[in-house]
Amino acid sequence: MSWSPKSARRSNPPRRGPPTPDRKFNKDDGFIAYGLKVPAWRAIMREFRPRLRALSLDERLDLAEALFAEGEGWLGHSAIYVLALSVEELGPEHVQRLDRMGERFTGWSHVDDVCISVLQPLLLAYRAETLALLERWNGSPNRWKKRASVVAFVRKVGESGQFTEEALRLCENLVFDREDLVRKGVGWALKDLMRGDREQVLEYVKELRRRGVSSTVTLYAIRDLDGRERREVLAVGPNRIAG
């Protein structure tokens with residue numbers, strides 16, 4: 001028997017009244033998570049892991065879409081867990097489904113989870129196709145897709161130095177984005193890209209300060225710096241055109 005959100009609810013005793021939304025985990029507008037802590041969620045997913053593994057890839061993708069469609073934070077993370085279990089079986093032919101699921105992200109935690117668990121392995125395995133998906137997300141009106149288009153380059157991917165040019169181009173498109181959490185994603189990406197290509201990215205961050213980019217971006221980007229290098233970046237101010 002396949003597992004689904006509805007079958008999971010049937011297996012639990014009825015509750016009195018609706019659950020109270022817990023917004024402490026993520027304070028973004030529209031993000032709702034119902035009374036579950038991380039250790040408890042992990043224990044639940046470990047219990048279901050063998051049953052999830054037994055499903056076919058198409059069944060797992062259908063399940064992930066159904067979980068996202070519920071619009072609840074922990075079920076969204078459960079969808080990403082299912083995708084991560086399936087990542088070695090995913091290929092370019094599944095990009096359209098991933099694109100559709102991206103519309104269901106409801107907070108930065110979904111974005112960061114899917115970037116590290118799903119998109120980064122796909123980026124390493126199918127560079128051109130995954131970059132094309134990130135390019136589309138970069139120009140999307142959806143703020144979570146925009147954040148994902150740059151957060152995909154954090155950590156080991158950024159540190160590798162293999163994607164510096166592509167990542168900087170996508171970051172450039174969002175440095176003046178009006179959404180704070182998108183700009184923070186840009187700053188995070190720049191910080192980790194600097195680990196892989198220090199000179200180029202450091203000079204780019206200085207140029208952003210000359211252009212008057214929000215300090216949200218540049219302060220995130222220089223979190224690894226201290227001493228003289230950090231002072232040099234902070235000393236750079238926006239260029240002023242005399243009137």
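Predicted model: local features only at pLDDT ≥ 70, side-chain atom pairs only at ≥ 80, totals over all residues.
I take buried to mean under 20% relative accessible area.

**Val 201**

I looked up Val 201 first. I found Val 201 in helix α12, residues 198-210. Leaving aside neighbours within four places in sequence, I list Thr 164, Leu 168, Leu 190, Leu 193 and Met 194 as its contacts. For Thr 164 I noted 37 residues of separation from Val 201 in sequence and 8.3 Å in space, C-alpha to C-alpha.

**Core and rings**

I then turned to the largest nonpolar core, which has 72 residues. Leu 52, Phe 153 and Leu 190 touch the most other members of that core. In soluble globular proteins, nonpolar side chains tend to be buried together.

With residues up to four places away left out, its contacts include Leu 123, Leu 131, Phe 163, Asp 192 and Leu 193. I counted five aromatic pairs in the structure. One of them joins Phe 153 and Phe 163, with 6.2 Å between centres and 55 degrees between planes, and is classed as tilted. Phe 153 lies in the loop between α8 and α9, and Phe 163 in the loop between α9 and α10, ten residues apart. I marked both Phe 153 and Phe 163 as buried.

Elsewhere, I noted that ring pairs link Trp 41, Trp 74 and Tyr 81 into a cluster. I also found the charged end of Arg 223 over the ring of Tyr 220, 4.1 Å from the ring centre.

**Cysteines**

I looked for disulfides and the count was zero. Cys 115 is buried at 0% relative accessibility. Cys 171 is buried as well, with a relative accessible area of 0%.

**Salt bridges**

I have 24 salt bridges for the structure. In one of them, Glu 89 meets Arg 60, with the closest N and O atoms 2.8 Å apart. Glu 89 is in the loop between α4 and α5, while Arg 60 is in helix α3, 29 residues apart. I put Glu 89 down as partly exposed, because its relative accessible area is 39%. Arg 60 counts as buried at 5%.

Next I checked Asp 99 and Lys 145, which meet at 2.7 Å, N to O. This pair links helix α5 to helix α8 across 46 residues. Lys 145 is buried, with a relative accessible area of 4%.

Arg 147 and Asp 112 form another salt bridge, at 3.1 Å between the closest N and O atoms. I found both residues buried. Last, I recorded one network of salt bridges with shared partners, joining Glu 159, Lys 191, Asp 192, Arg 195 and Asp 224.

Note on methods. Residues numbered from 1 in each chain as written. Heavy atoms only, no water. Core = buried A, V, L, I, M, F, W, Y, C linked by side-chain atoms within 4.5 Å. Buried < 20%, exposed > 50% of the residue type's maximum accessible area, 1.4 Å probe, protein only. Contact = heavy atoms within 4.5 Å. Phe/Tyr/Trp six-rings, centres within 6.5 Å; stacked < 30°, edge-to-face > 60°. Helix = DSSP H or I, 4+ residues; strand = E, 2+ residues; numbered from the N terminus. Lys NZ or Arg CZ within 6 Å of the ring centre and 35° of its normal. Disulfide = S-S within 2.5 Å. Salt bridge = Lys/Arg side-chain N within 4 Å of Asp/Glu carboxyl O.
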